[in-house]
Amino acid sequence: MKRRKTIGSIRLRIAAALLGVLLAQTILAQDLLPDTGNERGDKGWRLVGGKGSQIAGAHEGKSALQVQGNGRDSTYWRTAPLDLKAQSLYRLSFVARKEHAEGGVAMAGLSRINRDFIPGDSWDRFGFVFDTPADGSND
């Protein structure tokens, strides 16, 4: 009987924790990144490295930022530092695809907290959840 009560208690705690995460995500969700293009202009994004451009009418008619590489270079778009709270959870999500490319990865995230994603030939959604560093350096 005690084992059943313990399992039920664990399930309830997990359910409560998941509900808390879902509520926090719903209540606190906001877009912290600058817009990527025509809707409000591409201010806030800076191309670093090789070739890249803004393309109109990309995914769902919205604009996107594009990079081109040769397999030996590193090109990326960067924003000004974001005002993120230390030791807080954030979710980064985006859509990406490769176009006329063999290999390569899409790196997304902060300079200290990032992930590599392998886009396919069609638009796919990618993302991850991260905890900001305790020292508050959110570059």
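**Briefing: L47 and its chain**

L47 is found in strand 1, which covers residues 45-48. The model is predicted. In the chain there are one helix and eight strands. This briefing starts with L47, then turns to a strand pair and the whole chain.

- Is L47 buried, partly exposed or exposed? L47 has a relative accessibility of 30%, so this residue counts as partly exposed. The buried class needs a value under 20%, and the exposed class needs one over 50%.
- Which residues touch L47, leaving aside its neighbours within four places in sequence? They are G52, V67, T75, Y76 and W77.
- L65 lies 18 residues from L47 along the chain. The C-alpha atoms of the two are separated by 9.3 Å.
- In a regular strand, side chains alternate between the two faces of the sheet.

**Strands 6 and 7**
- Strand 6 spans residues 106-109, and strand 7 spans residues 114-117.
- The two strands run antiparallel, joined by four bridges.
- Which residue of strand 7 stands opposite A108? That residue is R115.
- A hairpin of four residues links strand 6 to strand 7.

**The whole chain**
- Along the sequence, the pattern reads α-β-β-β-β-β-β-β-β.
- The chain has 139 residues, and 17% of them are buried.
- Take the contacts between residues at least 6 apart in sequence. Of these, 52% join residues at least 24 apart.

Methods: Residues numbered from 1 in each chain as written. Predicted model: local features only at pLDDT ≥ 70, side-chain atom pairs only at ≥ 80, totals over all residues. Heavy atoms only, no water. Pairing = 2+ DSSP bridges. Buried < 20%, exposed > 50% of the residue type's maximum accessible area, 1.4 Å probe, protein only. Contact = heavy atoms within 4.5 Å.
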